[in-house]
Amino acid sequence: YYGPLKVKPVPKETQYKVQPLKEKKVITLKKEVQVPSLMISYQSVPDQHVDSYALEILAQILANGPSSRISKDLVHKKQLATSSGAYQWSLKDAGLW
């Protein structure tokens, strides 16, 4: 028991304005690893946007599961990758896909 807590005002939420990307941004990290990986991200729609659901479905069709298009082609047919995956990460101000 810590005793009664003092009532404090709720802090104001910081507002951020997401700037659209004007040029391609590439970050490359090369290291000696046992399992190499490739990760690609795109700026996407924020949380509760109507298109976030369509992007979730697109991720499933393109890259998630053995019947997805990328998995069929790169993992099973060409054997260039061991797995594939994609997702829509919906955040408050912007998302990543």
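Colleague: Let's start with burial. What share of the 97 residues of the chain counts as buried?

Modeller: Buried means under 20% relative accessible area, exposed means over 50%, and partly exposed is in between (1.4 Å probe, protein chains only). In this chain, 13% of the 97 residues count as buried. Keep in mind that this is a predicted model: local features need pLDDT of at least 70, side-chain atom pairs count only at pLDDT 80 or more, and totals for chains, interfaces and linings use all residues. Residues are numbered from 1 along each chain as its sequence is written, and side-chain values use heavy atoms, with hydrogens and water left out.

Colleague: What about contacts: how many of them join residues at least 24 apart?

Modeller: A contact is heavy atoms within 4.5 Å. Take the contacts between residues at least 6 apart in sequence: 49% of these join residues at least 24 apart.

Colleague: Show me a local example. Which residues does A59 touch?

Modeller: Not counting residues up to four places away in sequence, A59 touches N64, A86, Y87 and W97. A59 is part of helix α1, and it counts as buried because its relative accessibility is 0%. With A86 the gap is 27 residues in sequence but 5.0 Å in space, C-alpha to C-alpha.

Colleague: N64 turned up there. Where does its side chain reach?

Modeller: To the backbone oxygen of A86, at 2.7 Å. A polar contact is a pair of N or O atoms within 3.5 Å; within protein, one must be able to donate a hydrogen and the other to accept it, and residues adjacent in sequence count only if both atoms are side-chain atoms. N64 sits in the loop between α1 (51-63) and α2 (69-77). Beyond its neighbours within four places in sequence, its contacts are A59, S84, G85 and A86.

Colleague: In the loop between α1 and α2 there is also S68. Is S68 buried or exposed?

Modeller: Buried, because its relative accessibility is 2%. The S68 side chain reaches the backbone oxygen of G65 at 2.9 Å. Leaving out neighbours within four places, S68 contacts Q60, I61, L62, A63 and S84.

Colleague: On to charges. How many salt bridges does a search of the whole structure find?

Modeller: The criterion is a side-chain nitrogen of Lys or Arg within 4 Å of a carboxyl oxygen of Asp or Glu. The search finds 2. K92 and E13 pair at 1.9 Å, N to O. K92 is in the loop between β2 and β3 and E13 in the segment before β1, so this pair ties together parts 79 residues apart in sequence. K78 and D73 form a salt bridge at 3.4 Å, N to O; K78 is partly exposed at 47% relative accessibility, and D73 is partly exposed at 25%.

Colleague: Which residues make the nonpolar surface patch?

Modeller: Patches use residues with over 30% relative accessible area and no salt bridge, joining like charges within 9 Å and nonpolar side chains (Val, Leu, Ile, Met, Phe, Trp, Tyr) within 5 Å. Y87, W89, L91 and L96 make one of about 400 Å². L91 lies in the loop between β2 (89-90) and β3 (95-96) and is partly exposed, with a relative accessible area of 35%.

Colleague: Last one, backbone angles. What is phi of Q48?

Modeller: Near 70°, a positive value in a residue other than glycine. Q48 is in the loop between β1 (43-44) and α1, exposed at 62% relative accessibility. Q79, not a glycine either, has a positive phi of about 55°. Its place is the loop between α2 and β2, and Q79 is exposed with a relative accessible area of 64%.

Note on methods. Helices (H or I, at least four residues) and strands (E, at least two) are DSSP runs, numbered from the N terminus. Accessible areas come from the Shrake-Rupley method with a 1.4 Å probe; for residues, only the protein chains shown count as cover.
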